[in-house]
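Have the viewer open and follow along point by point.

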Amino acid sequence: MSTEERPPSPIPAEPVVVPVDAITQLLESFARRVEDLRAADGVAKQIQGLVHDAVGRGALRDALTGRWLGHAVHPVLTDLPIGFWTSAFTLDLIGGRRSRPAAQLLVGLGVLSALPTAASGAADWSDTAGKERRVGLVHAALNTAAIGFFTASWLARRGGRNGRGVLYGLAGSAVATGGGYLGGHMVQRLGLGVDHTTFDQLPTEWTPTLPASEWLDDTPRRVRAGGVDIVVVREGDAWFGLAARCTHAGGPLDEGALRDGCIECPWHGSRFRLRDGSVAQGPAFAPQPVVSVRVRDDIVEVRATSEG
Ligand code: FES
C-alpha cells in the first residue's frame, strides 16, 4: 500500500483535565465564607435557645448525642437518608418504569429517616459557638431544604408526575451534597464531634507535680505532667486524676464542680466519674482518660493508668 492509500492516522484525543485545584479552592472559599457569616449569629443563637429548651439536659440529650453509643449518633444516622436517596436516584437512572414504586418508597424512607438524623445533629449543634455554629446553621439549612425537595419529590411521584419527582430528587441531592460538604468541614476542619483528648500523650512514668499539702479536699486542681494538663482531685485519703481537657469540646474540667463522685464540665455540663472517667451525663460521649495518682514524700505523682 502506497503512502497515499493509507487511512489518515487518528488525531490523538485531548486528555480530559479535571480542574481539581479549582474545585478545591471553590469549596474551600465557600466554607470560609460560611465560617465568617457573622450576620447569622443572632438567628443562630435564637435557634440554639429553642433547641436547648426542647432537648434539655438528660436522657433525651444523651440519646441524641450518643452517650449510649460511645460515639456521636449523627454521623451514623446520616447514612440512612443518603443511602435511601442515592438508591432511589440509581433506580431513576437505570431502573426503568417498573422500578418507579420502589424509587418512591426509597425517597419516602429517606425523608422519614432524615428526621431523627436532623434531631441528633441539632442536639450536637446546640453546644457550638463561633465558626462551628455558623457552619452548622448553614449545614442544617441546606439539609432542611433537601428534605423539602425530597418530600416534594415523593408527593410528585405519588401523584403520578414521575418526571417532576425525579427533578425534585435531583435538586434535593444537589443541596444535600452541599450540606454534607459543610458537615465534613465541621468535623474534619473545625473538630466538632472529635474527642479532644485523642492526641494527649499522658506520662507513662510516675511524674512528680506539686506538694500534696497544696490540695484542698474536694477542690479540683490542674497540674501539668508530660506536656498534658491533668485535673487532680483529693477526697480525704483518696486521690483521683483525669485528663483536664473535656473530651467533648476541650472545656477545663479543673474549673468544674464536683457532684456525686463526678466532675462536671463548666462549658456544657458533661459529667465524668472520677473513679474511671466514664460519662455519667452528656453531651460528651467519649470517656475522660484516667490518670493514676499517688503521694510520695508529700509530692503528688501522676501517671497514665493504662498504656496509650
Ligand atoms: S466541653 Fe462540652 S461538656 Fe465539656
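The points below go from the whole chain down to single residues.

1. **What you are looking at.** Please keep in mind that this is a predicted model. The protein chain has eight helices and 10 strands. It is divided into two domains, with domain 1 covering 20-188 and domain 2 covering 207-304.

2. **Overall shape.** The radius of gyration of the protein chain is 27 Å, whereas a compact globule of 308 residues would have one near 19 Å. Along the principal axes, the C-alpha atoms fill a box of roughly 100 × 60 × 40 Å. Of the 308 residues, 39% count as buried. If you look at contacts between residues at least 6 apart in sequence, 60% of them join residues at least 24 apart.

3. Taken over C-alpha atoms, the centres of domain 1 and domain 2 are 37 Å apart. Domain 1 brings 11 residues to the contact and domain 2 brings nine residues. On the domain 1 side, five of these residues are charged, four are polar and two are nonpolar.

4. **The largest core.** There are 37 residues in the largest nonpolar core, and I230, V231, V232, L242, V291 and V302 have the most contacts inside it. Two or more residues come from each of α6 (100-125), β2 (221-225), β3 (228-235), β4 (238-243), β9 (290-296) and β10 (299-304). Strand β3 gives the most, with five residues.

5. **Helix α1.** This helix spans residues 20-35, and its 16 residues reach 22 Å from first C-alpha to last, close to the 22 Å expected at 1.5 Å a residue. Is α1 well covered or hardly covered? Helix α1 is hardly covered, as the count of buried residues among its 16 residues is one.

6. **D127 and its neighbours.** You will find D127 in the loop between α6 and α7 (130-158). D127 counts as buried because it has 24 C-beta neighbours inside 10 Å. Beyond residues up to four places away in sequence, D127 touches A249, H268 and P283. The C-alpha atoms of D127 and W267 are separated by 8.7 Å, although these residues are 140 residues apart along the chain.

7. **A cis bond at P283.** One of the residues that D127 touches, P283, lies in the loop between β8 (279-281) and β9. The peptide bond that joins G282 and P283 is cis, with omega about 20°. For context, most peptide bonds are trans, and most residues other than glycine have a negative phi.

8. **Two positive phi values.** Which backbone angle deserves a look at D260? Phi is positive there, about 50°, although D260 is not a glycine. D260 sits in the loop between β5 (257-259) and β6 (262-264), and it counts as exposed because it has 9 C-beta neighbours inside 10 Å. D298, in the loop between β9 and β10, has a positive phi near 65° and is a residue other than glycine. With 10 C-beta neighbours inside 10 Å, D298 counts as exposed.

Note on methods:
Residues numbered from 1 in each chain as written. Predicted model: local features only at pLDDT ≥ 70, side-chain atom pairs only at ≥ 80, totals over all residues. Core = buried A, V, L, I, M, F, W, Y, C linked by C-beta atoms within 7 Å. Buried ≥ 20, exposed ≤ 12 C-beta atoms within 10 Å, placed from the backbone. Helix = DSSP H or I, 4+ residues; strand = E, 2+ residues; numbered from the N terminus. Domains from an automatic or database assignment. Contact = placed C-beta atoms within 7 Å. Nonpolar A, V, L, I, M, F, W, Y, C, P; charged D, E, K, R; others polar. Rg over C-alpha atoms; globule rule 2.2 N^0.38 Å. Expected span 1.5 Å × (residues − 1).
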